[in-house]
Amino acid sequence: MGTHVAATAEDLSLDAARAFARVTSEAVRARDLCFVALSGGSTPRGLYRALVESESLRSQVAWDRIHFFWGDERHVPPDHADSNYRMARETLFASVPVAAEQVHRIRTEESDAAVVARRYEEEIVATLPHDEAVPRFDLILLGLGTDGHTASLFPDTPALAEQRRLCVDNWVERLHTHRITMTFPLLNAARTVLFMVSGQDKAAIVRAVLRSTHPDREFPAQRVRPDGDLLWMLDRGAASALGDAT
Ligand code: 6PG
């Protein structure tokens, strides 16, 4: 596992964009295609901005060879203010040469969240190569909530126990809403998982996730242990409770 600490949120976005360009380019060189799952929430906005605004980074990315998915989605229409897809469409896909068929949004307009999840799982299986028992994403971007959730794998929710499905609907009592989320088996099959965490408000949970070892009280983010590379990219605020040994 690697941990990278950038001085500011802007530096973090640029460093994450560099990592995105590196990992996706390596995947395209190796397998001609690249499969990426974007994270939700607000932190990726800075990454998307850095990819769009940096001509040199934008030109390094083989945009036409990447298929984009999401690690999770809110159960809202795709044009809703809370939609992870809408944020990416507006801040990234509006400015880079990606064809519609390369963007695999979670089709949340279906009212039954279980149907949404099943259809998304079918699209993942149909789109990614079939040479592995579990489809392997080349890069999965994840965020971290202050309760230790990642994707929509929230503490004390049913999806945490899922060991067979790749993607499920998950009732989150605290938010009183359904989410659609990739599960640990799919996340942990990834070649690279990159957590991107920014802000002083995340310092305590970053320390707890990266330092605590209470087997009976494991945060969901601690269960992300990919077969491939695990990279934590933090800014100084998010890393501020880690002490010197980062
Ligand atoms: C979501 C996410 C969630 C998010 C974290 C961090 O849909 O909300 O997938 O896991 O990544 O809550 O969110 P912020 O980046 O907004 O802090």
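**Exercise 1. How far is the sulfur of Cys167 from the closest cysteine sulfur, and in which residue is that sulfur?**

Before the solution, a word on the model: it is predicted, so local features need pLDDT of at least 70 and side-chain atom pairs count only at pLDDT 80 or more, while totals for chains, interfaces and linings use all residues. Residues are numbered from 1 along each chain as its sequence is written, and side-chain values use heavy atoms, with hydrogens and water left out.

Step 1. The closest cysteine sulfur to that of Cys167 belongs to Cys34, 19 Å away, too far for a bond.

Step 2. A disulfide is a pair of cysteine sulfur atoms within 2.5 Å. A search of the whole structure finds zero of them.

Step 3. Now check the surroundings. Cys34 is buried, at 0% relative accessible area, and Cys167 is buried too, at 0%. (Buried means under 20% relative accessible area, exposed over 50%, partly exposed in between, with a 1.4 Å probe and protein chains only.)

**Exercise 2. Describe how helices α2 and α4 meet.**

Step 1. Find α2 at residues 44-53 and α4 at residues 84-93. Helices (H or I, at least four residues) and strands (E, at least two) are DSSP runs, numbered from the N terminus.

Step 2. Their axes come within 9 Å and cross at roughly 25°. Axes are lines fitted to C-alpha atoms, for helices over the stretch in contact, and angles run from 0 to 180 degrees between N-to-C directions.

Step 3. That angle makes α2 roughly parallel to α4. (Under 35 degrees counts as roughly parallel, over 145 as roughly antiparallel, 65 to 115 as roughly perpendicular and the rest as oblique.)

Step 4. List the partners: Pro44, Arg45, Tyr48, Leu51 and Val52 of α2 meet Met87, Ala88, Thr91 and Leu92 of α4. Contact means heavy atoms within 4.5 Å.

**Exercise 3. Which residues does Ala17 contact, leaving aside its neighbours within four places in sequence?**

Step 1. Look in helix α1, where Ala17 is found. Ala17 is buried, with a relative accessible area of 0%.

Step 2. The contacts of Ala17 are Leu47, Ala50, Leu51 and Leu57.

Step 3. For a sense of distance, Ala17 and Glu55 are 38 residues apart in sequence and 12 Å apart in space, C-alpha to C-alpha.

**Exercise 4. Is Asp15 buried or exposed?**

Step 1. Asp15 lies in α1, residues 9-31.

Step 2. With a relative accessible area of 17%, Asp15 is buried.

Step 3. Not counting residues up to four places away in sequence, Asp15 touches His4, Ala6 and Met233.
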